[in-house]
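This report goes through one structure for a reader who has not seen it before. It takes up the ligand site, then the domains and the contact between them.

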Amino acid sequence: MKKRIGILTSGGDCPGLNCVIRAVVSHATLTYNWEVVGIPYATQGLLERQVIALSVHGWDLRGIDPLLNMGGTILGTINKGDTLARAGEMIASYAELQLDALIAIGGDGSMNIIHQLATLGNWNLITIPKTIDNDVALTERAIGFDSAVNTIVDALNRLTFTAASHDRVMIVEVMGRTAGHLALHSGIAGGADVILIPEVTYTIPGLCQHLDELRNTWRRKFAIVVVAEGISPCVADFGNSCGLELNNKYPSLKCGMGQYIADQITQCTNHEVDTRVSVLGHIQRGGIPSALDRLTATVFGKAAVDLIAQEKYDQMVAWQNGQVVPVPIADVVAKSPSPVDPGSYLIHSARSLGTYVGEW
Ligand code: F6P
């Protein structure tokens with residue numbers, strides 16, 4: 001039976017989303033001869049009952065396929081909204097749009113909301129994990145994470161040269177919300193001297209002693225310190241030059257944890273160390289998707305379409321042990337966000353390089 005499937009992107013954008021759309025539309029139309037419609041701005045599009053027709057030929061520019069390497073999402077996205085308050089309208093919209101199934105590409109927050117809507121409205125839902133934070137449970141990969149890691153590593157490479165030239169300590173604040181995956185992966189790959197993540201406690205004296213050893217024992221006059229935005233201020237610190245006012249997004253200081261750590265280093269080194277802070281911000285969400293994200297997007301897109309063909313719904317496509325497998329969305333939502341395991345091999349590997357990853 002010919003199907004009409006909807007696809008939407010929800011939550012913060014990231015590189016690789018268009019690649020998923022490309023894979024879904026290609027497989028659904030070329031293999032199954034189905035119709036695929038995009039729903040712009042996620043649940044907002046559902047509320048407004050809008051769709052965009054998608055076809056493999058629709059984006060062909062002199063044979064160049066822009067969706068392969070275009071960052072962001074051609075469908076648009078939102079990462080807030082009192083969606084469940086208008087659940088009835090959205091449920092009616094799914095029926096009115098005559099959708100046989102819906103593919104939602106999102107992080108754990110969006111997946112939670114859309115899963116609740118799907119349960120209420122009896123939708124045929126498949127989800128695909130995406131987030132630069134890589135904190136969706138039950139999958140080792142989420143679209144966008146690898147590209148963001150590469151962007152951060154590029155920034156660390158650049159900052160290392162200027163740090164070394166001026167004998168400075170460069171503090172680099174990276175995203176990740178409450179999880180430290182981005183900081184840990186990029187810190188190791190980018191040769192950071194210090195990696196601070198929310199999952200591992202640190203002390204300012206421990207951090208400063210490490211910087212001291214770098215200078216005095218190893219004659220390294222510069223250092224690269226990667227700080228995850230979601231770390232908490234240290235209890236045993238040297239005062240709070242930026243104030244302990246908490247913002248309501250995640251437990252961090254108003255001034256940002258990068259600046260906080262820089263101020264602590266300045267104080268504990270008696271102003272002998274010159275620090276500079278780079279907050280990478282939304283640069284981490286932009287750019288062209290990495291090769292790994294393109295590959296993951298392609299296999300996830302195909303797997304999502306095949307699950308619809310098998311009429312196996314309420315599943316998220318996941319990457320586990322080198323395989324693409326379906327996992328119940330309910331289990332994913334219950335176990336997310338998934339933090340870094342403080343006993344992980346990655347943390348031991350970072351420490352084996354002499355990197356300070358906290359805990360003393
Ligand atoms: O979840 C992805 C993410 O980029 C986080 O790492 C970051 O804290 C947040 O989104 C930023 O959200 P916004 O785009 O709303 O500023």
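How many Å separate an oxygen atom of the ligand from an N or O atom in the side chain of aspartate 133? The distance is 2.7 Å. The model is a predicted one, and the values below are computed from it.

**The ligand site**

Eleven residues surround the ligand. The closest of them are Asn79, Asp133, Glu229, His282 and Arg285.

| Residue | Distance to a ligand oxygen atom |
|---|---|
| Asn79 | 3.0 Å |
| Asp133 | 2.7 Å |
| Arg285 | 2.8 Å |

On its own, the ligand has 400 Å² of accessible area, and the protein covers 83% of it.

The domain assignment divides the chain into domain 1, made of residues 4-144 and 289-335, and domain 2, made of residues 146-285. Between the C-alpha centres of domain 1 and domain 2 the distance is 34 Å. In the contact, 13 residues come from domain 1 and twelve residues from domain 2.

About 1,100 Å² of area is buried between domain 1 and domain 2. Carbon and sulfur atoms account for 48% of that area. On the domain 1 side, Asp13, Ile132 and Asp133 together supply 47% of the area buried against domain 2, which is more than any other three residues supply.

Which residue forms a salt bridge with aspartate 13? The partner is arginine 285, and the closest N and O atoms of the pair are 2.9 Å apart. Arginine 285 also has a polar side-chain atom 2.8 Å from an oxygen atom of the ligand.

Across the interface of domain 1 and domain 2 there are two salt bridges. Seven residue pairs are in polar contact across this interface. By class, the side of domain 1 that touches domain 2 is made up of five nonpolar, four polar and four charged residues.

Terms used: Residues are numbered from 1 along each chain as its sequence is written. This is a predicted model: local features need pLDDT of at least 70, side-chain atom pairs count only at pLDDT 80 or more; totals for chains, interfaces and linings use all residues. Side-chain values use heavy atoms; hydrogens and water are left out. A residue is near a molecule or strand if one of its heavy atoms lies within 4 Å of it. A polar contact is a pair of N or O atoms within 3.5 Å; within protein, one must be able to donate a hydrogen and the other to accept it, and residues adjacent in sequence count only if both atoms are side-chain atoms. Accessible areas come from the Shrake-Rupley method with a 1.4 Å probe; for residues, only the protein chains shown count as cover. Domain bounds come from an automatic or database domain assignment. Contact means heavy atoms within 4.5 Å. Buried area is the accessible area (1.4 Å probe) that two parts lose on being put together, summed over both. A salt bridge is a side-chain nitrogen of Lys or Arg within 4 Å of a carboxyl oxygen of Asp or Glu. Ala, Val, Leu, Ile, Met, Phe, Trp, Tyr, Cys and Pro count as nonpolar, Asp, Glu, Lys and Arg as charged, and the others, Gly among them, as polar.
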